[in-house]
Every structure is written in C-alpha cells, then in structure tokens.
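Hi everyone, thanks for making time for this. Today I'd like to walk you through one protein chain, step by step. Please have a look at the picture first.

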Amino acid sequence: MGSTNWHQHDDQDETFPLLSGRQRIRLRTGDVELRPGDLYVIPRGTEHCPAAEKEARFLLIRPSITSTAAGGKPSWSFECGGGPSST
C-alpha cells in the first residue's frame, strides 16, 4: 500500500508478475493497471512509479537487485524472506 518514488533502471528491464491484489505502474506516458496473473515488463531506462492502494503481491524479476531507497524501493517493501526490508 503506497508507491515508490519516480525512478528508472538504466542497466536492466524490470518485470512485474502480479500474484494478488491490484498494482498500478505509473509511467510518464500513462498508467498500466495490473490484476492477478498479469505480467508487465518495464524496459530499461523507462521512468516509472509502481503504486497500490491496497496490499498487492508481486515478484520482481531482474538479473541483479538494484533497487534502493534512492532508486525507488520503499521502506514498506519486503525481501523474499517475507520480513521488512533492511534497505
């Protein structure tokens, strides 16, 4: 519940498969609404801002983890272990 900051990943694409809930991927060209089972790929270098009004569960698929608080990773996000993130 909430959103990240506007950010982009210059070194890799970011893939969002939505597992549950609803997810909005805000793009400068318009929003993309995801429902469970949907998958969306944000091309590298594309500025985006994921947001959800209620709890949503999704996976991030990338070759390496580059998200930090400065890069858009919010404090409420979780690592794959299920607990609050330390970054």
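I'll start with the overall layout, then go through the strands, and finish with some side chains.

Keep in mind that this is a predicted model. The protein chain has 87 residues, and 33% of them are buried. What secondary structure does the protein chain have? It comes to zero helices and seven strands. If you read along the sequence, you get β-β-β-β-β-β-β. Now think about contacts between residues with a separation of 6 or more: 66% of those in the protein chain involve residues 24 or more positions apart.

Let's turn to the strands. A quick reminder: strands of a sheet pair through backbone hydrogen bonds, and they can do so parallel or antiparallel. Here, three strands form an open sheet in the order S5-S2-S7, with antiparallel pairing. S5, residues 39-42, and S7, residues 57-58, each have a single partner strand and stand at the edges, so one side of each is left without a neighbour in the sheet. Strand S2 covers residues 14-20 and is joined to S7 by two bridges. If you want to find one of these places on your screen, look for Ser20, whose bridge partner in S7 is Arg57.

Now to strand S6, residues 48-52. Is S6 enclosed or open? Five of its five residues are buried, so S6 is largely enclosed by the rest of the structure. Both faces are covered: His48, Pro50 and Ala52 are buried on one side, and Cys49 and Ala51 on the other. S6 also has pairing partners. Two bridges join it to S1 in an antiparallel arrangement, and there Ser3 stands opposite Ala51. Strand S3, residues 23-27, pairs with S6 over four bridges, again in the antiparallel sense. In that pairing, Ile25 stands opposite Pro50.

Next, the charged side chains. How many salt bridges are there? The count comes to six. One of them joins Asp13 and Arg44, with the closest N and O atoms 3.6 Å apart. This pair links distant parts of the chain, since Asp13 sits in the loop between S1 and S2 and Arg44 in the loop between S5 and S6, 31 residues apart. Another salt bridge brings together Glu47 and Arg28, at 3.1 Å from N to O. Those two are 19 residues apart, with Glu47 in the loop between S5 and S6 and Arg28 in the loop between S3 and strand S4. Glu47 is partly exposed, at 30%, whereas Arg28 counts as exposed, at 54% relative accessibility. There is also a network of salt bridges, which links Arg24, Asp31, Glu33 and Glu53. Within it, Asp31 and Arg24 have their closest N and O atoms 3.9 Å apart.

Two more stops. His7 lies in the loop between strand S1 and S2, and at 8% relative accessibility it counts as buried. A polar atom of the His7 side chain lies 2.8 Å from the backbone oxygen of Asn5, and the His7 side chain also makes a polar contact with the side chain of His9, at 3.3 Å.

Last, the surface. Leu19, Leu59 and Ile61 form a nonpolar patch there, with about 280 Å² of accessible area together. Ile61 is found in the segment after S7 and is partly exposed, with a relative accessible area of 45%.

Key
Residues numbered from 1 in each chain as written. Predicted model: local features only at pLDDT ≥ 70, side-chain atom pairs only at ≥ 80, totals over all residues. Heavy atoms only, no water. Pairing = 2+ DSSP bridges. Patch = residues over 30% accessible without salt bridge, like charges linked within 9 Å, V, L, I, M, F, W, Y side chains within 5 Å. Areas by Shrake-Rupley, 256 points an atom, 1.4 Å probe, with all protein chains shown as cover. Salt bridge = Lys/Arg side-chain N within 4 Å of Asp/Glu carboxyl O. Buried < 20%, exposed > 50% of the residue type's maximum accessible area, 1.4 Å probe, protein only. Polar contact = N/O pair within 3.5 Å; in protein donor to acceptor, adjacent residues only side chain to side chain. Contact = heavy atoms within 4.5 Å.
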